[in-house]
Amino acid sequence: MLEPALLPTPLVDCTDEAFGRAGVELRLKRDDLLHPSVPGNKWRKLAPNLAAAVEQGHTRLLTFGGAYSTHLRAVAAAAGTLGLESVGLVRGEELADRPRNWSLRAAEESGMRLEFLTRAAYREATGRAGDGDGAEVQRRWGPCLVLPEGGSNALAAVGAAAIPAELPDLDGRDVVCCPVGTGGTLAGIAAGLPPGARALGVAVLRGGEGYLEAEVARLHRAGFGREFANWRIDHGHHGGGYGKVPPELASFAGEFERRHGIPVERRYVAKLLAALADLAGAGAFPHGTRLTAVVTGLPDPE
């Protein structure tokens, strides 16, 4: 059985000088502590999908990811614990004959079968799965439950909607914030907020303007039967693109760790925290705003 999650995850007051000068409070929702092998937003998004897989009698999960995909590792770990097979379609045919990096090695050690695709074939496969054409994917790779890249589907958004319910006394001064890769966590947070509170996502990929907004709206319609107007996405703090960690961002993350004693994952969480500090310093939040940053995952191993 999958080990139980730590729920609710800890909520830590974390305001420091940069936020204090702007009259803004900062709290951290420590979802990085949620589960030992399926941490953070991956557990939130996977748990309802895994329950559906077991209920529907599936014996195999298939999903997609890049060379360092946290989602691949999480699906592999969860599937292995539940006695399900797992297949990971990996972007990058050239990786097949190279020594496995730590991330892909961890997925394989959890029992995941990796198949490496050219970038064109990967786009085609993810596109078919995203269009609901799981049948085509299953014709090639066998019967399975297909999970989208990043794990963001309607069930995932419903799982992430539990986050605001763990935050006490949310009202009009509150902004609940998260990094955005595929949109599922932000969609869930926005859907779960009480009236007056707002959600802010910080895009971690470059060039997602419009696309990510459309994805969040699509997930709202699919998961909740309606759209919401209480959220927005900041596109100005992606650090140069997905997986990019420029020196100034690494420096910010290191300083934040030293000041607060909390490890900061670089590709998602550091971008979120740096964006909030920058926006607070620029006066983007009214005095008295309370920001809750959802720490969605753990730092990569050294």
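**Entry 1: Asp31**

I began with the contacts of Asp31, taking contact as heavy atoms within 4.5 Å. Not counting residues up to four places away in sequence, Asp31 touches Thr9, Pro39, Gly40, Arg44, Ile163, Val294 and Val295. The model is predicted: local features need pLDDT of at least 70, side-chain atom pairs count only at pLDDT 80 or more, and totals for chains, interfaces and linings use all residues. Residues are numbered from 1 along each chain as its sequence is written, and side-chain values use heavy atoms, with hydrogens and water left out.

I placed Asp31 in the loop between strand 2 and helix 2 (40-55). Helices (H or I, at least four residues) and strands (E, at least two) are DSSP runs, numbered from the N terminus. For accessibility I used these classes: buried is under 20% relative accessible area, exposed is over 50%, and partly exposed is in between (1.4 Å probe, protein chains only). Asp31 has 0% relative accessibility and therefore counts as buried.

I then looked up the polar contact of its side chain, which is with the side chain of Thr9, at 2.6 Å. A polar contact is a pair of N or O atoms within 3.5 Å; within protein, one must be able to donate a hydrogen and the other to accept it, and residues adjacent in sequence count only if both atoms are side-chain atoms.

Asp16 lies in the loop between strand 1 (11-13) and helix 1 (17-21). I found Asp16 buried, with a relative accessible area of 12%. Its side chain makes a polar contact with the side chain of Arg259, at 2.9 Å. Leaving aside neighbours within four places in sequence, I listed Phe256, Arg259 and His260 as the contacts of Asp16.

Which residues of helix 11 are buried? I noted Leu249, Ala253, Gly254 and Phe256. Seen down the axis of helix 11, these buried residues fall within an arc of 160°, so they line one face of the helix. The arc is that of the directions from the helix axis to the C-beta atoms.

On the other side of helix 11, I recorded Pro247, Glu248 and Arg258 as exposed. What covers the buried residues includes strand 2 (25-29) and helix 12 (269-281). Gly261 follows helix 11 and has a positive phi, near 65°.

**Entry 2: aromatic rings**

I counted 5 aromatic pairs in the structure. Rings of Phe, Tyr and Trp (its six-membered ring) pair if their centres lie within 6.5 Å; planes under 30 degrees apart count as stacked, over 60 as edge-to-face and the rest as tilted. Tyr68 is partly exposed at 40% relative accessibility, and Trp102 is partly exposed at 25%.

Tyr242 and Tyr268 form an edge-to-face pair, 6.0 Å centre to centre with 75° between the planes. Tyr242 is partly exposed, with a relative accessible area of 41%, whereas Tyr268 is buried at 19%.

I also checked for charges over rings (NZ of Lys or CZ of Arg within 6 Å of the ring centre and within 35 degrees of the ring normal). Arg91 lies over the face of Tyr122, 5.3 Å from the ring centre. The charged end of Arg226 sits over the ring of Phe228, 3.9 Å from its centre.

The peptide bond from Leu7 to Pro8 is cis, with omega near -10°. Pro8 is in the segment before strand 1. Asp169 has phi near 60°, a positive value in a residue other than glycine. I located Asp169 in the loop between helix 8 (162-165) and strand 7 (174-180), and Asp169 is exposed, with a relative accessible area of 64%.
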